Amino acid sequence: MDALQAARFSVVVPTLNESGNVAELVARLAQVLGGVPWEVIFVDDDSQDGTREVLRELARRDGRVRMIHRIGRRGLSSAVVEGVLASAAPFVAVMDADLQHDESLLPRMFHALNSGEAELVVASRYMEGGGVGNWSDSRRRLSRLASRATQLLLPGAALSDPMSGFFALRRETFDEAARRLSGIGFKILLDIASSLRRNVALRELPYRFRTRHSGQSKLSGQVLWEGLLLLLDKRMGGILPLRFLAFSLVGGLGVAVHAAVFAAARIFLGAAFVHAQTAAVGVALSFNFLVNNRITFGESRLRGWALLRGWLSFSLACSIGAIANIALATFLHDKAGLSSLLAVPAGIAVGAVWNYSISSFYTWKVAR
Ligand code: GDD
Ligand code: MN
C-alpha cells in the first residue's frame with residue numbers, strides 16, 4: 001500500500017458540544033484548503049450532545065479528519081495544546097468549531113507560514129478591515145477592555161487582538177513555547193505569545209467575527225477569571241504557580257468566613273466558645289472546598305459522589321496542614337525564639353503549601 005500524502009497543515013479545533021457545527025466546518029475546510037495538504041484534529045472534552053458520533057462518522061469517510069477524545073478534562077487551552085502536540089505537520093492552525101472564524105483566511109495563513117514570511121499569523125478583529133459583527137455593546141466593550149488591559153500588562157506582544165482564538169504558527173515556534181505554557185482558560189494565543197520571550201515574525205490578517213452557527217458559547221465568568229489569573233501569572237514571571245495564588249486567595253476568604261461564623265454563633269446564638277469555633281472551622285473548610293472546586297480547580301471540578309469524597313480528603317489534608325502549621329509556628333516561637341510576627345506567617349505558609357500540594361494531587365488529581 002502506498003503511503004498517504006502527509007498533512008503539511010493541521011487545523012486544531014477544540015470542541016465542547018458542537019454537534020451542529022462540525023460537519024459544516026469540515027465541508028468548508030475541504031472547500032477552502034483545496035491546494036494544501038491539510039488535516040483537521042478535533043479535541044473533544046467528552047461532549048454530551050453527540051459531537052463525537054458526528055466526528056467519527058466524518059473520520060470514517062475522510063482520512064483528513066482526526067479526533068482526540070478527552071475524559072475528565074476540561075479547557076479550551078489545554079485541548080489546543082494537546083491537539084497541536086498530536087500533529088506532525090510543520091504548520092498548525094487553531095480555530096473554533098462554531099464557524100465564527102472566517103475559514104477563508106486559512107490558505108493565506110498557510111502561505112504566509114510556508115513562504116517563511118511569518119512564523120505566527122493571527123486573525124484580528126481589531127485592525128483595519130476587521131470587526132465583531134453583531135455583538136452586543138457590552139460584550140464588545142468587555143472584549144475591547146480585556147484587549148487593552150492585556151496590551152498594558154504585556155507590552156512585549158504587539159498583538160492588535162491578543163484574545164483571538166484564530167491563528168496559525170510554525171510547529172517549531174509552538175515547541176519553543178510549549179514547556180512554559182500555563183494551559184489554563186481560553187487565552188491560548190496570549191499564553192503562547194508571552195511564553196516565547198522574543199519577538200516573532202508576526203503577520204496579522206483582518207476578519208469579521210461572525211455569529212455562532214449553532215449551539216451555545218462556553219464563555220463564562222469562570223473563563224474571564226482564568227484570563228485574569230493567566231495575566232497575573234505571566235506578569236509575575238511564573239514565580240508562584242497560578243493555582244497556588246488562587247488557592248491562597250480563597251484561603252484568605254476562608255479566614256473571613258471563619259470569623260463571621262464564629263462571631264455570629266457567639267453573639268446571636270450565645271454558643272459556647274468551643275462550639276462556635278468548631279462550627280466556624282467546619283463552615284470555613286467546606287466554603288474553601290466548594291470555592292476551590294469551582295474556581296481554583298474549575299477544570300477538574302468534582303461532582304456527585306466525587307464531591308463528597310473530595311470534601312473528605314480535602315478536610316483530612318487541611319487538618320494535617322493545620323497540625324504542621326501549629327507545630328512549626330510553636331517551635332519557631334517557643335524554641336527558636338522568633339517573634340510571633342515571623343513565627344505565625346511561617347506556620348501559615350507551610351500549612352498553605354502543604355494543603356495546596358496534597359489537595360491538588362489527591363483531591364483534584366491535577367498532574368502539575
Ligand atoms: N475541548 C474543549 N474544551 N473545547 C472547548 C472548551 C473546553 O473546555 N470550551 C470551549 N471549547 C470550544 C468550543 O466548542 C468552541 O469550538 C471553541 O472552544 C470556542 O468556544 P466558544 O464558547 O464559542 O467561545 P467564544 O465564542 O465565547 O469565545 C471566542 O472568542 C474569544 C474572544 O472573544 C474564542 O475564540 C476565544 O478563544 C476568544 O478568546
Ligand atoms: Mn464561539
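These questions and answers explain the terms used for this predicted model.

Reader: What should I know before reading the values?
Author: Residues are numbered from 1 along each chain as its sequence is written, while chains are lettered from A and ligands numbered from 1 in the order in which they are written. This is a predicted model, where local features need pLDDT of at least 70, side-chain atom pairs count only at pLDDT 80 or more, and totals for chains, interfaces and linings use all residues; side-chain values use heavy atoms, with hydrogens and water left out.

Reader: What makes up the protein overall?
Author: The protein has 12 helices and seven strands. Helices (H or I, at least four residues) and strands (E, at least two) are DSSP runs, numbered from the N terminus. The C-alpha trace spans about 75 × 50 × 40 Å along its principal axes. Of the 368 residues, 45% count as buried.

Reader: Why is Thr51 called buried?
Author: Buried means under 20% relative accessible area, exposed over 50%, and partly exposed in between (1.4 Å probe, protein chains only). Thr51 has 0% relative accessibility, so Thr51 counts as buried. Thr51 belongs to helix H2 (residues 51-61).

Reader: What joins the side chains of Thr51 and Asp49?
Author: A polar contact of 2.4 Å. A polar contact is a pair of N or O atoms within 3.5 Å; within protein, one must be able to donate a hydrogen and the other to accept it, and residues adjacent in sequence count only if both atoms are side-chain atoms.

Reader: What makes Leu253 partly exposed?
Author: Its relative accessible area is 48%, so Leu253 is partly exposed. Leu253 sits in helix H9 (residues 242-268). Leu253 and Ser87 are 166 residues apart in sequence. In space they are 43 Å apart, C-alpha to C-alpha.

Reader: Which residues come nearest to ligand 1?
Author: Glu18, Asp45, Asp96, Met163 and Lys218, out of 27 residues around ligand 1. A residue is near a molecule or strand if one of its heavy atoms lies within 4 Å of it. By class, the shell has 11 nonpolar, six polar and 10 charged residues. Here Ala, Val, Leu, Ile, Met, Phe, Trp, Tyr, Cys and Pro count as nonpolar, Asp, Glu, Lys and Arg as charged, and the others, Gly among them, as polar.

Reader: Which N or O atoms of the protein lie beside those of ligand 1?
Author: A side-chain N or O atom of Asp96 is 2.5 Å from an oxygen atom of ligand 1. For the side chain of Arg125, the distance to an oxygen atom of ligand 1 is 3.0 Å. Val43 uses a backbone N or O atom, 3.0 Å from a nitrogen atom of ligand 1. The protein covers 97% of the 750 Å² of accessible area that ligand 1 has on its own. Accessible areas come from the Shrake-Rupley method with a 1.4 Å probe; for residues, only the protein chains shown count as cover. Strand E1 (9-15) and helix H3 (76-85) are the elements that give two or more residues to this shell.

Reader: How do you know which residues coordinate the manganese ion?
Author: Donors are N, O and S atoms within 2.8 Å of the metal (3.2 Å for Na, K and Ca); water is not among the atoms, so sites may look incomplete. Asp98 (OD) and Gln100 (OE1) coordinate the manganese ion, ligand 2, at 1.9 to 2.0 Å. Asp98 is buried because its relative accessible area is 4%. Gln100 has 12%, so Gln100 is buried too.

Reader: Why is the pair of Phe91 and Phe110 called edge-to-face?
Author: Rings of Phe, Tyr and Trp (its six-membered ring) pair if their centres lie within 6.5 Å; planes under 30 degrees apart count as stacked, over 60 as edge-to-face and the rest as tilted. The centres of Phe91 and Phe110 are 5.8 Å apart and the planes stand at 85 degrees, so the pair is edge-to-face. Phe91 lies in strand E4 (residues 91-94) and Phe110 in helix H4 (residues 106-114), 19 residues apart. Both are buried.

Reader: What makes Phe361 and Tyr362 an edge-to-face pair?
Author: Their ring centres are 5.2 Å apart and their planes are at 85 degrees, so this pair is edge-to-face. Phe361 and Tyr362 are both exposed.
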